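Subject: Structure for you to look at

Hi there,

Here is the structure I promised to pass on. Please open it beside this email, and my notes will follow.

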Amino acid sequence: MGSQDDAPPAHYVMKIQSFSLLAKNSIERYESGKFEAGGYKWKLVLYPSGNKSKNIREHISLYLALDDTSSLHHGWEIYVNFRFFLHDQTNDNYLVGPDTVRKERRFHKMKAEWGIDQFIPLRDFNLASKGYLVDDTCAFGAEVFVCKERSTGKGECLVMMKEAILYKHLYEFDNLSKLDLECYDSKPFNAGNFKWKIKLYPKGKGAELGNYLSLYLALADPSALSPCSKIYAQITLRILDQKQAKHHFGKANYWFSASSHENGAAIFMPINNFTNQNFGYVVKDSCFVEAEVIILGVVDALS
């Protein structure tokens with residue numbers, strides 16, 4: 001079940017009086033105060049009746065936890081050799097817990113706790129002859145030795161939106177007959193913590209120049225995104241029919257990023273249809289373009 005050691009733990013001792021009252025007061029998990037070892041802050045985590053989340057019963061569960069992982073950069077790893085102690089008060093020596101000697105454990109932001117699910121059976125712990133629990137008092141301890149540290153590099157975190165919100169923006173492009181530039185932008189608008197703009201190419205874009213009107217949605221300030229950030233969005237672009245409400249639209253899902261900040265349709269509508277006065281897309285030399293944006297997911301760098 002473990003070895004014996006005459007020396008007390010070098011880094012931390014957690015003495016508990018009235019141990020039996022932990023379970024009677026429904027304290028299933030107890031965290032010690034912080035202590036420093038190897039340049040990091042740690043704490044002991046004790047389950048006096050066993051770690052129920054791991055279906056442990058009739059044992060004491062004991063763990064070492066890295067405190068305040070928010071200060072750790074993603075990819076930073078700490079390799080640790082640690083030992084748990086239980087004081088034998090009768091013989092004044094220490095039981096050194098199993099599976100903790102000469103085994104390095106890797107602590108990092110997403111795995112900040114290691115330990116022993118079945119540190120000691122409660123029947124052994126409670127035996128008076130063992131000397132671990134005397135007058136309902138016991139003492140656990142720990143030694144923590146940092147063996148090495150390293151950085152594994154970069155990472156990302158994708159968050160998919162549980163309750164995606166629909167954002168709408170309507171913009172009027174006027175004086176269409178006087179437009180002579182390749183592209184015209186709407187004023188920026190907000191959708192899901194990002195700024196966007198509609199981009200209208202009245203004479204088309206790329207290979208379909210002169211045949212089709214092209215319509216895109218773009219990030220208004222792509223340089224504001226970090227290089228590894230991405231936005232997954234459902235986009236609907238619509239040119240309104242101002243006469244018969246037979247609006248022309250396209251709908252698709254796209255990834256937006258600093259390097260790919262403009263998405264849409266080069267072949268959105270034949271120019272002849274757009275300018276045909278029998279349709280209501282252009283009235284009084286103006287057209288109305290509507291954008292609908294639903295942010296479905298966001299990727300950011302892990303910090």
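In which strand is F189 found? The answer is β15, residues 189-191; strands here are DSSP runs of E with at least two residues, numbered from the N terminus. Before going further, please keep in mind that this is a predicted model, in which local features need pLDDT of at least 70 and side-chain atom pairs count only at pLDDT 80 or more, while totals for chains, interfaces and linings use all residues. Residues are numbered from 1 along each chain as its sequence is written, and side-chain values use heavy atoms, with hydrogens and water left out.

Back to F189: its relative accessible area is 6%, so F189 counts as buried (under 20%; exposed is over 50%, partly exposed in between, with a 1.4 Å probe and protein chains only). Beyond the neighbours within four places in sequence, F189 is in contact (heavy atoms within 4.5 Å) with residues including H169, W196, L217, A291 and V293.

E292 belongs to strand β21, residues 287-301. With 14% relative accessible area, E292 is buried too. Its side chain makes a polar contact with the side chain of R238 at 3.2 Å (a pair of N or O atoms within 3.5 Å; within protein, one must be able to donate a hydrogen and the other to accept it, and residues adjacent in sequence count only if both atoms are side-chain atoms). Among the other residues that E292 touches are Y167, K168 and T236.

Most residues other than glycine have a negative phi. D92 sits in the loop between β7 (76-88) and β8 (93-96) and is exposed at 51%. N175 lies in the loop between β13 (166-173) and β14 (184-185), and is partly exposed at 39%.

On the overall layout, the domain assignment (automatic or from a database) gives domain 1 as 3-151 and domain 2 as 157-301. Taken over C-alpha atoms, their centres are 58 Å apart.

Finally, the lining of the largest pocket includes L176, P202, F274 and D285, and its residues divide into 6 nonpolar, 3 polar and 2 charged.

Happy browsing, and do write back with your thoughts!

Best wishes

Terms used
Helices (H or I, at least four residues) and strands (E, at least two) are DSSP runs, numbered from the N terminus. On a 1 Å grid over the protein atoms alone, a cavity is a set of points where a 1.4 Å probe fits but cannot get out, and a pocket is an open set with protein on both sides within 12 Å along at least five of seven lines; lining residues have an atom within 4 Å of a point. Ala, Val, Leu, Ile, Met, Phe, Trp, Tyr, Cys and Pro count as nonpolar, Asp, Glu, Lys and Arg as charged, and the others, Gly among them, as polar.
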